[in-house]
Structures are given as structure tokens and as C-alpha cells.
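Me: I am new to this structure and would like to learn how to read it. Could you take me through it one feature at a time?

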Amino acid sequence: MLLSKTNIEEKLSKIRKNHIFSEEMRMKEVYEIFSQVDDELDRIEQNVTTSKGEINNHFNIDKLDSSNIYHIEEIKQICIDYRLRFLDTKFFKGPIPSEALSKIKAIEKVHNLEIKGFKIIAPSKLFKLEDKDDPLLFAPIGNGYHYLIHQWGNDLHPLRKLLMWPFKSIVNLSILVLAISFAVTLMIPEGLFSKSNSNAQFWILFFFMFKCIASVVIFYGFALGKNFNPAIWNSKYFNS
């Protein structure tokens with residue numbers, strides 16, 4: 001006679017029926033467990049969404065991942081290169097993913113502390129700036145150092161650094177305007193303004209084109225209140 005295979009789930013169910021806890025008591029305890037988890041995540045989300053000011057979190061240095069520790073100068077450099085903002089999370093208008101909240105909860109448990117003072121790196125459009133890709137969530141450690149907790153969203157455009165290069169300084173912008181003016185001048189057909197071509201005529205046209213393009217750039221900058229990357233990387237104002 002062949003023996004039937006043992007169904008572990010059925011055996012486990014029989015043991016549960018003989019357990020001292022009733023179904024009502026069991027569900028009550030499970031509900032309390034989930035309620036505690038929800039309360040913890042609600043507290044963490046509240047800390048993230050209302051974070052303001054610089055707070056130094058006293059992490060256990062032996063339990064930190066050194067590859068996630070960044071100095072403010074490094075953060076400043078990446079913001080300038082890619083025209084990003086580094087601000088308190090209270091200004092962030094995008095949703096905070098549950099994965100980030102879970103990571104914060106796990107880190108708090110490991111380090112036995114409540115993390116506060118969150119800051120975030122993101123493009124300006126993702127912040128609720130006063131007047132009004134890829135967020136990176138940080139917690140300050142102290143002395144200019146910040147601990148990277150989580151990154152989410154789509155990657156930045158691969159050419160963003162190159163596209164934002166003109167906005168790093170007035171020199172960069174001037175070089176771009178000069179280059180565009182030179183290219184536009186070369187595109188003007190020969191003999192359009194005069195029957196004879198000369199170097200003097202070329203440079204006069206180039207100077208005219210430079211003035212026109214520079215005027216448009218200056219008007220755009222002043223009209224929209226734009227500024228260069230080093231001036232806005234940690235500014236909470238829209239018109240900057």
C-alpha cells in the first residue's frame with residue numbers, strides 16, 4: 001500500500017485549530033501589528049514632508065555605508081553641473097515612494113534614532129518654490145556631510161550636463177552666444193548686403209548678429225528672473 005504524501009499546509013492548519021488563540025484574538029493581534037507599522041510610516045512620512053532647517057542626525061558611524069556619505073561641496077558641484085536644487089524636503093512637491101519610507105524605517109531601527117532634517121536633490125520643477133527626473137533623499141550628519149538614503153524616478157537626460165553648461169557662468173553663456181553668432185553669420189549668403197565680400201563686412205555682420213542674439217538672451221534672463229547655476233543650487237525662490 002502506497003503512503004500518501006504529507007500536505008504541510010494541512011498539518012499546519014490542524015495545529016492552528018488546536019492553538020489557544022481564537023480567530024478573533026489572532027486577527028486583533030495582527031491588526032495591532034499592522035497599525036504599529038502604519039503609525040511608524042506615517043510618522044516618518046510626516047518627518048520627511050515637513051522637514052526644515054539643518055538637523056544633525058547622530059548615526060552609528062560603524063553602521064553607515066561610507067559610499068553613501070557626501071560632503072556639501074560635492075552636492076553643490078553636482079547641482080551646479082546639472083542645474084539641480086538641494087533643498088529641505090518640505091519644498092518637494094512630488095510623492096515620496098513607500099520604498100524610501102521603508103528604508104528610513106530600517107535605518108532608524110539599525111541606528112536606534114529618529115531621523116529628521118531631510119534634504120533632497122531634484123530639478124526645480126519638482127519643488128514647490130516660493131513665488132513656485134531624479135530626486136535623491138539625504139539626511140544631514142553634521143559638519144557639511146549628508147547621508148544618501150534613497151534615489152527614485154527616471155534618470156536625467158544624458159545630455160543634461162552639456163545642455164546646462166552655458167548656465168554655469170557668464171563666461172560660458174558668452175562663449176555660447178559668440179559661437180551661435182559666428183555660425184549664423186557664416187550662414188548668411190554671400191552678396192546679400194553687398195556685391196563685394198570682405199573680412200570687414202563679415203565682422204560687421206558678426207557684431208550685428210552678436211548684439212541681436214545677446215539682446216534676446218538678456219531679455220529672456222531678466223524677464224523670467226533666471227540666474228546662473230551657482231546662485232540657485234540651494235535657493236528656495238522660483239525667480240532665481
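The turns below go through helices, cores, salt bridges and cysteines.

Me: What should I know before I start?

Reply: This is a predicted model, so local features need pLDDT of at least 70 and side-chain atom pairs count only at pLDDT 80 or more, while totals for chains, interfaces and linings use all residues. Residues are numbered from 1 along each chain as its sequence is written, and side-chain values use heavy atoms, with hydrogens and water left out.

Me: How do I read a helix, and what span should H6 have?

Reply: Helices (H or I, at least four residues) and strands (E, at least two) are DSSP runs, numbered from the N terminus. The expected span of a helix is 1.5 Å times one less than its number of residues. Helix H6 covers residues 170-187, and its 18 residues should span 26 Å; the end C-alpha atoms are 26 Å apart, which agrees.

Me: Which residues of H6 are buried?

Reply: Buried means under 20% relative accessible area, exposed over 50%, and partly exposed in between (1.4 Å probe, protein chains only). In H6 the buried residues are Asn172, Leu173, Val177, Ser181 and Thr185. Asparagine 172 counts as buried because its relative accessible area is 12%. Its side chain also makes a polar contact with the side chain of serine 169, at 3.1 Å. A polar contact is a pair of N or O atoms within 3.5 Å; within protein, one must be able to donate a hydrogen and the other to accept it, and residues adjacent in sequence count only if both atoms are side-chain atoms.

Me: Which residues of the largest nonpolar core touch the most other members?

Reply: A nonpolar core is a set of buried Ala, Val, Leu, Ile, Met, Phe, Trp, Tyr and Cys residues joined through side-chain atoms within 4.5 Å. The largest one has 23 residues, and Val48, Ile104, Ile115, Phe118, Leu137 and Ile149 touch the most other members. At least two residues each come from helix H2 (23-49), helix H4 (98-111), strand S3 (119-122), strand S4 (136-142) and strand S5 (145-151). H4 gives the largest share, four residues. A second, separate core of eight residues includes Leu84, Phe86, Ile121 and Leu136.

Me: How many salt bridges does the structure hold?

Reply: A salt bridge is a side-chain nitrogen of Lys or Arg within 4 Å of a carboxyl oxygen of Asp or Glu. The structure holds five. One of them joins arginine 43 and glutamate 40 (3.2 Å, N to O). Both lie in helix H2, three residues apart, about one turn of the helix. In general, an α-helix has 3.6 residues a turn, so residues three or four places apart point the same way.

Me: Where is the other partner of arginine 43, glutamate 114?

Reply: Arginine 43 and glutamate 114 meet in a salt bridge at 3.3 Å, N to O. The pair links distant parts of the chain, since glutamate 114 lies in the loop between H4 and S3, 71 residues from arginine 43. Glu40, Arg43, Glu108 and Glu114 are linked in a network of salt bridges.

Me: Are aspartate 88 and lysine 119 buried or exposed?

Reply: Both are buried. Their side chains meet in a salt bridge (2.8 Å, N to O), joining strand S2 to strand S3 across 31 residues.

Me: How many disulfides are there?

Reply: A disulfide is a pair of cysteine sulfur atoms within 2.5 Å, and by this rule the count is zero. Cysteine 79 is buried, with a relative accessible area of 0%, whereas cysteine 212 is partly exposed at 33%.
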